[in-house]
Amino acid sequence: MNIFRIKLLLLFVFLGLNQGFSQTYKFKTTGLSVSVKGANGKFGDWSPIKPVSIIVNLDTKKNRIAIYSEVIQLFEIVEYSPTEESKTDLIYGFVCKDNSGEDCMLSFITRKNQNNIQQLYVKYADRVLVYNIVNFK
């Protein structure tokens, strides 16, 4: 009976620690730009940055990213990509499916050589959206 209690206690400790590592991150967008793939198979120029104020929520517990635009965009995180770091960028990537089932890649990028500007890239096969973001509390 004593071994059972110890195993039960260890199970609760393990589950408690697992919950402690799951986090929610909130961001607010300040701008949006879009690039679309042309008939030649290459992405075109970026659109002018449009000021937008939208809340973005990254919830690692629910494996979900939500962009609360006029039409709410929900992304199920299918895979967490390894963190990439270079002299100029710090990238946290996520392979996702959007709420219509389309595959996409979301990346939170900190531009080290641009005063640590943070951006969120939403990459589809035929288009890319980039949001300038700031931490939101």
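Let's start with strand 1, which pairs with strand 9 (residues 127-135) in the antiparallel sense over nine bridges. Since you have the structure open, keep in mind that this is a predicted model. Within the pairing, look for Val34, which stands opposite Leu129 in strand 9. Strand 1 has another partner as well: strand 2 runs antiparallel to it, and five bridges join the two. Here Thr24 is a handy landmark, with Asp59 as its bridge partner in strand 2.

How many aromatic pairs does a search of the whole structure find? There are four. One of them brings together Trp46 and Tyr121: the ring centres are 6.2 Å apart and the planes stand at 80 degrees, so this pair is edge-to-face, the class for angles over 60 degrees. Trp46 belongs to the loop between strand 1 (24-36) and strand 2 (55-59), while Tyr121 belongs to strand 8 (residues 117-123), so the contact ties together parts that are 75 residues apart in sequence.

Next, turn to Tyr80 and Phe94. Their rings also form an edge-to-face pair, with 5.5 Å from centre to centre and 70 degrees between the planes. This pair links distant parts of the chain, as Tyr80 sits in strand 4 (residues 73-80) and Phe94 in strand 6 (residues 89-98), 14 residues apart. Is Phe94 buried or exposed? With a relative accessible area of 6%, Phe94 is buried; Tyr80, at 39% relative accessibility, counts as partly exposed. If you widen the view, you will see that both rings belong to one aromatic cluster, together with Phe27 and Phe108.

One more ring deserves a stop on the way. The charged end of Arg127 sits over the ring of Tyr124, 3.8 Å from the ring centre.

Asn63 is partly exposed, with a relative accessible area of 31%. In the loop between strand 7 (103-111) and strand 8 you will find Asn116. Asn116 also has a positive phi, of about 55 degrees, and is not a glycine.

Terms used:
Residues are numbered from 1 along each chain as its sequence is written. This is a predicted model: local features need pLDDT of at least 70, side-chain atom pairs count only at pLDDT 80 or more; totals for chains, interfaces and linings use all residues. Side-chain values use heavy atoms; hydrogens and water are left out. Rings of Phe, Tyr and Trp (its six-membered ring) pair if their centres lie within 6.5 Å; planes under 30 degrees apart count as stacked, over 60 as edge-to-face and the rest as tilted. Helices (H or I, at least four residues) and strands (E, at least two) are DSSP runs, numbered from the N terminus. Buried means under 20% relative accessible area, exposed over 50%, partly exposed in between (1.4 Å probe, protein chains only). A charge sits over a ring if NZ of Lys or CZ of Arg is within 6 Å of the ring centre and within 35 degrees of the ring normal. Two strands pair if DSSP finds at least two bridges between them.
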